[in-house]
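How does one read the packing of a helix, a core and a set of aromatic rings from coordinates alone? The dialogue below takes these features in turn.

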Amino acid sequence: MKRILITILLAIFVMAGGLLIFKQPPSESIPAPAADSSPSGIASTTAAISASPSPTPGFLPEDLSSIQVSSDTMPLNTIPESITALVNRTYLLPSDYIPSDLTEPKVQFSFDYPDDKRKLRRPAARALEKMFRAAAKKKIQLYGVSGYRSYARQKQIYDRNVSLYGHATTDTVSAKPGSSEHQTGLTIDISARSVNFLLDKNFANTREGKWVAKNAHKYGYIIRYPDGKSEITGYRYEPWHIRYVGVTVATYLHKHKLTLEEFYGVAKSKDEKTGIDVEEPGKVKHDSVSGSAISGRKKKKKSR
């Protein structure tokens, strides 16, 4: 009898052990913990991905022909955070858009006081440093003049110019709030000692200006408002105004002599005025500014 009980107990023990072994999955097949699928978990995961540095910031692939709508244009991009976003007098930035990665590039500026206009978005800042270093190796010294401008700052500039010159003249020298590329943090006006650090149309004829026009695309920059394209861009020729779009797009535009408007297949409206976009029109040497008219308006206002 004792023997039978021992046999039954052994059988039960063996069966129980087998069940435990059967239920335990192999160690290599155990899946990793699943991400939090709650709204807060999704938001934090998205934020982490967005915060991760990308080797090619923006939304366009290396092979641009892979997404062309036709043989000539690309899908219109107006996403504020994109380095290839189109911003002009028709396609505006939101009033609350402030780039999250603004930083001050390690380059020389035409002024020595702290100011937000010394800042650019991180990829644009790093590219500007490379471009300025490359220019310096050729004994060409470039200077930053005006980079990032917030919506609030642009509004302040526009309103001030309206009070000085009136709406008609202001629209030829200042961009309305939201329509300035400077708000993207991807644009900077540059100059040189040869033009007294001014925003001077003659910059294009200097050694510095010629070097920039020939080489900027190698560092992801373009002359945003090239000569002879004002009826397309809505802005007169600004040889000092460079915009970061990344090496791929900059090289494409440079090679095909295109503006961003042509790249996306859009143009300014027919009733839209052309002009320039500067912070201090009184310190600009450009035939479209008409310095004497601006000076005359100043004197007239002071004499009242």
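What follows is a tutorial dialogue on a predicted model.

Q: Which residues of helix α6 are buried?

A: The general idea comes from helix geometry. An α-helix has 3.6 residues a turn, so residues three or four places apart point the same way. In this structure, α6 spans residues 207–215, and its buried residues are Glu208, Gly209, Trp211, Val212 and Asn215. These residues lie on the same side of α6, because the arc they cover around the axis is only 160 degrees. Arg207, Lys210 and Lys214, on the other side of α6, are exposed.

Q: Which residues touch the most other members of the largest nonpolar core?

A: A core is read through its contacts. Here the largest nonpolar core has 27 residues, and those that touch the most other members are Leu128, Met131, Leu142, Trp211, Val212, Tyr221 and Ile242. At least two residues of this core come from each of α3, β4, α6 and β7. The largest share is that of α3, with eight residues. Another core, of twelve residues, lies apart from it and includes Met74, Ala250, Phe263 and Val266.

Q: Is Trp211 buried or exposed, and what does Trp211 touch?

A: Trp211 has a relative accessible area of 11%, under the 20% limit, and therefore counts as buried. Leaving out residues up to four places away in sequence, Trp211 touches Met131, Ala134, Ala135, Lys138, Ile140, Leu142, Ala216 and Tyr219.

Q: How many aromatic pairs does the structure hold, and how are the rings of Trp211 and Tyr219 arranged?

A: The structure holds eight aromatic pairs. For Trp211 and Tyr219, the centres are 6.4 Å apart and the planes are at 25 degrees, so this pair is stacked. Tyr252 and Phe263 instead form an edge-to-face pair, with 5.7 Å from centre to centre and 65 degrees between the planes. Tyr252 belongs to helix α8 (residues 247–256) and Phe263 to helix α9 (residues 260–264), eleven residues apart. Both Tyr252 and Phe263 are buried. Elsewhere, ring pairs join Phe109, Phe111 and Tyr113 into a cluster.

Q: Which charged ends sit over the rings of Tyr235 and Phe111?

A: Such a case is read from the position of the charge relative to the ring centre and ring normal. The charged end of Arg89 is placed over the ring of Tyr235, 4.2 Å from its centre. Over the ring of Phe111 sits the charged end of Lys117, 4.8 Å from the ring's centre.

How values were computed. Residues are numbered from 1 along each chain as its sequence is written. This is a predicted model: local features need pLDDT of at least 70, side-chain atom pairs count only at pLDDT 80 or more; totals for chains, interfaces and linings use all residues. Side-chain values use heavy atoms; hydrogens and water are left out. Buried means under 20% relative accessible area, exposed over 50%, partly exposed in between (1.4 Å probe, protein chains only). Helices (H or I, at least four residues) and strands (E, at least two) are DSSP runs, numbered from the N terminus. The arc is that of the directions from the helix axis to the C-beta atoms. A nonpolar core is a set of buried Ala, Val, Leu, Ile, Met, Phe, Trp, Tyr and Cys residues joined through side-chain atoms within 4.5 Å. Contact means heavy atoms within 4.5 Å. Rings of Phe, Tyr and Trp (its six-membered ring) pair if their centres lie within 6.5 Å; planes under 30 degrees apart count as stacked, over 60 as edge-to-face and the rest as tilted. A charge sits over a ring if NZ of Lys or CZ of Arg is within 6 Å of the ring centre and within 35 degrees of the ring normal.
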